[in-house]
Amino acid sequence: MGVKVRIPTPLQRLTGGKEEVEAQPGRIIDIIAALDKEYPGIAERISEGGKVRRFVNIYVNEEDIRFLSAENTAVSDGQEVSIVPAIAGGRI
Amino acid sequence: MGFTKALKCRECSREYPVEPIYVCEFCFGPLEAVYDYDGIKKVLTRETIAARPRTLWRYKELLPIAGEPQVGLDSGFSPLIKADNLARILGVKELYIKDDTVMHPTLSFKDRVVSVALTKAKEFGFDTVACASTGNLAHSVSALGARSGLKRFVFIPASLEQSKITASVVYEPNLIAVDGNYDDVNRLCSEIANKHRWAFVNINIRPFYAEGSKTMGFEILDQLGWQAPDHVVVPCASGSLLTKVWKSFKEAHKIGLINDLHTKVYAAQATGCSPIAAAIKSGADVIRPVKPDTIAKSLAIGNPADGYYATAVVRETGGYGEHVSDAEIIHAIKLLAATEGIFAETAGGVTLAAAKRLIEAGKIDKNGSTVICITGNGLKTQEALAGHTGEVHHIKPNLASFEDVLAKIGR
């Protein structure tokens with residue numbers, strides 16, 4: 001089954017235009033490393049020194065990983081990962 | 001021709017052409033408009049500005065448009081009120097309220113950013129505009145988009161109160177109620193923005209949209225006779241307004257509209273959602289996201305996109321941050337109404353209550369001039385005051401009954 005990872009537009013150039021890619025279950029930081037093997041350049045764009053960049057939000061099944069275990073959040077079979085650039089709030 | 005040279009990444013300084021893009025492809029940092037200030041300096045003087053209509057577009061050279069303004073031609077230039085009654089109570093010498101409760105057409109500062117965003121959307125050739133919002137932004141996109149003939153998609157959390165839905169749906173946008181909270185709506189919208197070629201004002205049009213907030217700052221300087229105030233207190237949701245008010249002051253200084261700039265910038269938040277104020281107070285470098293719980297819903301962004309930059313502005317200028325309880329917010333809304341006759345929404349209560357604390361703590365100098373930015377109208381958040389307002393005196397329709405009450409009131 002694997003893990004489905006949604007790729008935002010700015011990174012789709014690296015995935016050959018693919019909006020969704022598959023990964024093996026594991027910690028977020030491992031998934032990023034695995035993606036980078038297949039699509040070189042992804043890791044340095046969304047992370048720096050093993051930390052997710054300040055302006056990148058990552059969600060596992062709709063929950064922000066900052067509320068889970070950040071880079072060490074475990075993602076299991078069948079879960080979905082979204083990589084979303086930080087955007088301005090439109091609430092106010 | 002406009003004066004916007006490029007979009008530039010705020011993190012790594014890579015430059016991009018002026019297009020509907022919003023993040024750096026390399027590091028995901030936010031993109032910001034950069035201008036040809038030498039060119040602007042030659043055409044935008046105090047005299048040119050004074051000869052123009054009193055709208056937000058009188059500073060158009062400092063806004064990221066290529067042609068003439070197309071949307072919000074009657075928006076902006078809200079009153080700057082000298083608040084002497086309130087100043088007496090707070091014990092300060094010189095106090096002003098920048099009053100965006102009366103912004104045309106939807107009674108909040110969002111008409112500033114949306115005017116710029118929709119003008120830019122038209123320049124880019126979009127026929128559909130969209131936003132994720134629970135309130136003021138939805139109202140503004142719905143209304144200004146209607147007048148400018150754009151198709152509109154407005155995304156809201158399904159749990160939103162009926163009164164807020166009515167204030168958007170009356171303009172007949174496509175209103176999409178998403179089964180989730182505001183953060184879910186925002187996340188979904190950024191994914192929709194990947195798929196459909198629409199102008200999402202706070203996503204792919206964001207670098208342009210955000211610049212509209214500068215007009216609040218330009219107006220403050222203009223209305224003070226091109227003097228910068230000693231202190232300015234700004235409410236923070238994403239933190240964008242605060243950073244842009246400061247940017248406007250720096251730009252006005254750079255092109256010679258003001259001669260001296262020494263303003264300290266202060267961030268106001270509700271305690272139930274204070275990631276920016278908390279970072280300022282603790283001296284932290286990182287913004288820790290929170291799950292919001294406050295009556296100031298228009299400021300309830302738990303993961304503020306510009307939080308880092310807002311914190312940096314406050315530090316750079318020697319200002320400070322403060323957060324206030326729901327009870328203080330209600331008290332401040334009532335105080336502003338009773339002293340200056342201005343009915344602000346909950347965000348306005350946050351800003352005034354934070355200013356009050358900052359004054360009492362000596363963080364804001366009582367002898368200096370202070371501007372408090374009030375961003376939206378209280379008629380939009382009346383439910384927050386339920387059970388907290390003064391009493392109504394009920395009488396029979398006769399003089400005796402009235403005289404009885406008058407005696408009780410005691411005058």
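Where is Val201(B)? Select Val201(B) and you land in the loop between strand E9 (199-200) and helix H8 (206-211) of chain B; helices (H or I, at least four residues) and strands (E, at least two) are DSSP runs, numbered from the N terminus.

Before you go further, some ground rules. This is a predicted model, where local features need pLDDT of at least 70 and side-chain atom pairs count only at pLDDT 80 or more, while totals for chains, interfaces and linings use all residues. Residues are numbered from 1 along each chain as its sequence is written, chains are lettered from A and ligands numbered from 1 in the order in which they are written, and side-chain values use heavy atoms, with hydrogens and water left out.

**Stop 1: around Val201(B)**

Val201(B) is buried, with a relative accessible area of 1%; buried means under 20% relative accessible area, exposed over 50%, partly exposed in between (1.4 Å probe, protein chains only). Now show its contacts (heavy atoms within 4.5 Å). Leaving aside neighbours within four places in sequence, Val201(B) touches Ala117(B), Leu118(B), Ala130(B), Cys131(B), Leu137(B), Val141(B), Arg206(B) and Tyr209(B).

**Stop 2**

Colour chain B by domain: domain 1 is 80-106 + 210-385 and domain 2 is 125-204, with bounds that come from an automatic or database domain assignment. The contact takes 9 residues from domain 1 of chain B and 10 residues from domain 2 of chain B. Their C-alpha centres lie 26 Å apart.

The area buried between domain 1 and domain 2 of chain B is about 810 Å², and carbon and sulfur atoms give 46% of that. Buried area here is the accessible area (1.4 Å probe) that two parts lose on being put together, summed over both. On the domain 1 side, pick out Pro105(B), Thr106(B) and Lys380(B), which lose the most area to domain 2 of chain B, together 49% of what that side buries.

What classes of residue does domain 1 of chain B put against domain 2 of chain B? That side has 2 nonpolar, 3 polar and 4 charged residues. For these classes, Ala, Val, Leu, Ile, Met, Phe, Trp, Tyr, Cys and Pro count as nonpolar, Asp, Glu, Lys and Arg as charged, and the others, Gly among them, as polar. Look for salt bridges (a side-chain nitrogen of Lys or Arg within 4 Å of a carboxyl oxygen of Asp or Glu), and the count between domain 1 and domain 2 of chain B is 0.

**Stop 3: Glu219(B) and its partners**

Zoom to Glu219(B), in helix H9 (residues 214-223) of chain B. Lys98(B) and Glu219(B) meet in a salt bridge at 2.8 Å, N to O. Lys98(B) sits in strand E5 (residues 94-99) of chain B, 121 residues from Glu219(B).

Arg112(B) also pairs with Glu219(B), again at 2.8 Å, N to O. Arg112(B) is in helix H4 (residues 110-123) of chain B and Glu219(B) in helix H9, so this pair ties together parts that are 107 residues apart in sequence. Glu219(B) and Arg112(B) are buried, and Lys98(B) is buried with a relative accessible area of 0%.

For a salt-bridge network, select Arg10(B), Glu32(B), Glu211(B), Lys214(B), Lys244(B), Lys247(B) and Glu251(B), which are linked together.

**Stop 4: where chain A meets chain B**

Zoom out to both chains. The contact takes 34 residues from chain A and 44 residues from chain B, and about 3400 Å² is buried between them, 58% of it from carbon and sulfur atoms.

How many salt bridges cross between chain A and chain B? The rule finds 5. One to select is Arg13(A) with Glu25(B), whose closest N and O atoms are 3.1 Å apart. Next, select Glu63(A) and Lys291(B), which form a salt bridge at 3.1 Å, N to O. This pair runs from strand E7 of chain A to the loop between helix H11 (275-282) and helix H12 (307-317) of chain B. Glu63(A) is partly exposed, at 28% relative accessibility.

**Last stop: Thr73(A)**

Finish at Thr73(A), in the loop between E7 and strand E8 (74-75) of chain A. Thr73(A) is buried, with a relative accessible area of 5%. The side chain of Thr73(A) reaches the backbone nitrogen of Ser69(A) at 2.9 Å. Leaving aside neighbours within four places in sequence, Thr73(A) is in contact with Gly26(A), Arg27(A), Ile28(A), Val60(A), Ile65(A) and Leu68(A).

Methods. A polar contact is a pair of N or O atoms within 3.5 Å; within protein, one must be able to donate a hydrogen and the other to accept it, and residues adjacent in sequence count only if both atoms are side-chain atoms.
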